[in-house]
Amino acid sequence: MKRNVRALNLDTYKEVIVRSEEIERFEHLRYLKLFWGTFSGNLENSLTNLRWIVWSNTTRVSFKPTNMRLKNVVILEFSNNDFIDGSKLQSLIEMAGKLKVLHLEGCLSINRTPDFSRCPNLERPIIRDCYNLRKIGGSIGKLESLIDLKISHCSSLEDLPKEIGNLVNLKHFSVTECPMKKLPDSIWKLKSLRELHFDNASNQGCLVEVYRPRSANSWELPSAIMLHNLEVLQIKSANVKGRLPSAIGSLPFLKILCMWGTCINEVPETVSMLPCLQTLELIYCDEIQELPTLPTSLNNLEVLSKLLQSLRVVPNLSNLTNLVTLNLSDGSSWIQGGKICTGDLEGMGMLSKLKKLHLKLLGVPAPSELASLSQLKELHLSSLDLRTLVPLPSSLLNLRLDKFNSAMSLSSKLENLSSLTLCSSQAQEIQLNGLQLQNLTELVMEDDVSLERFGLSNMRKLKAIQVQYCLKLVEIQYAGVFESLEELHINNCESLERLCIHGGPSLERLIDVSTTKLPNDCHIGIIHSSQSAGAKIGFYGSVQSYKNSKEEEAERNKPGRRKAHGLGCIRNRFLPLCGDSHRRAE
């Protein structure tokens, strides 16, 4: 039976020793996975037909085999393998003339790559989390069959050999989260390259820094870019400075151009000559002040800043009739003050294919043509001048309004809207009517420092309401039946006094025995709203449990019965809310 086995998975959580006299009985073995184990004995006559080996979680001291020859192996994977150092890896691949895929992950004993000249058929080296790797040898440039090279999270690797420029068939090249100062100039001459990803900023995944000073190791992209088959160019590095070269316009197949956190200060006019460009992302490239005319082929445009003095001029976008996603930010969500040039959002109504629109532009009037965007599903407006809220398209499913500066009422009939978020308003009162919001299921109000009154009416399909950090909010009023409501959370609204129907009954009355219009299984959570009538700090539970508690309290307060304090008798119904510590009413 062993003679006919083709694949063997030894995936255990205790160390397994595979002895040579046992494994050689598997004459036709093609695939072997060994997790937390090792070999022992003379393997000269073993594993001769093996094509794919996965070997992981092996300690250095447990390596015992001799004459391990992988002459027919095509795929070799080592992960979290401490025994593999440069010399052992060299001895293993010297006989692997058919090797096409070499995957090294978490091999902490490797400080340099082996001599690859004995692996002429290698196509895909993948090196990840090899934190002590300091050098990739120049022999990699001899691999004429290599088509895909991925290096990531190698925190000691600071340079690449110039011989990488000899990889004439390389199609995909990716270096991510490695502390390299720059890419070799020879890379920009790889005519077969289709994707180039370079990211040397391991901390840029966290959006907490408003400004990072330019590195002393800054460099510019070369003026000559000969990557004529390039489809994706993605660079995330604070070291890259200067002008995006004009030669970028000579890449006829470029589809995705992404610059993230660079010090690039200018996008050339030649970018309009890219006939296939579908995605342009300039994310936190804070020295770019103006955009040129952009190609009509664009589907996705994102230009985000962290510094208000950066993006100053947005071109006329009316020619971008293929746009599906548009995201523009001048940094006003990070810092107060400053202003983008006004009048730069003309022609927005021409973007008939737009489905997702985010605009974070301080003081700029909201585009007047939004209602004509019949395909728009998601809209996020932040810091714009919304003194007169322009009509919105009825196709909207998700709407978020941040930092709007006046009292408002949604006059548009947003019959398809399912989610609405209102944040950081300067308005003192907001009224929302279910006649315009017939299908609204989720409503969020947060960080409103001025809001005092909030009105809801006829929200028959509303399932969840979350009101938080509205520090001056005194009253929430609503009228009509809320038959679908499942959750109501009121968090950190220190001034809240009333949650009323028709401005009359208090919260206690609203959630009382037979008069409530909230469903019995609706959940209510209130934190730090101690002035709310009848609602104690930390209460979380269903409407039914609240009604039951009030009935029990009334029963206990009858003459001749001992009075209970607050809601202490239903302490089991008190739960922590939104990560707060467990607090019981006393």
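User: Which residue is the bridge partner of Trp52 in β5?

Analyst: The partner of Trp52 in β5 is Ile75. The model is predicted, so local features need pLDDT of at least 70 and side-chain atom pairs count only at pLDDT 80 or more, while totals for chains, interfaces and linings use all residues. Residues are numbered from 1 along each chain as its sequence is written, and side-chain values use heavy atoms, with hydrogens and water left out.

User: Why is the pair of Tyr31 and Trp52 called edge-to-face?

Analyst: Rings of Phe, Tyr and Trp (its six-membered ring) pair if their centres lie within 6.5 Å; planes under 30 degrees apart count as stacked, over 60 as edge-to-face and the rest as tilted. By this rule there are 8 aromatic pairs. For Tyr31 and Trp52 the centres are 5.3 Å apart and the planes stand at 90°, so the pair is edge-to-face. Tyr31 belongs to β2 and Trp52 to β3, so the pair ties together parts 21 residues apart in sequence.

User: How do you know that Tyr31 is partly exposed?

Analyst: Buried means under 20% relative accessible area, exposed over 50%, and partly exposed in between (1.4 Å probe, protein chains only). Tyr31 has 24% relative accessibility and therefore counts as partly exposed. Trp52, at 33%, is partly exposed as well. In strand β3 (residues 52-58), 6 of the 7 residues are buried.

User: What makes the buried residues of α2 line one face of the helix?

Analyst: In helix α2 (residues 86-93), the residues Gly86, Leu89, Gln90, Leu92 and Ile93 are buried. The arc is that of the directions from the helix axis to the C-beta atoms. Seen down the axis of α2, these buried residues fall within an arc of 165°, so they line one face. Their cover, judged by contact (heavy atoms within 4.5 Å), includes β5 and β6 (101-105).

Key:
Helices (H or I, at least four residues) and strands (E, at least two) are DSSP runs, numbered from the N terminus. Two strands pair if DSSP finds at least two bridges between them.
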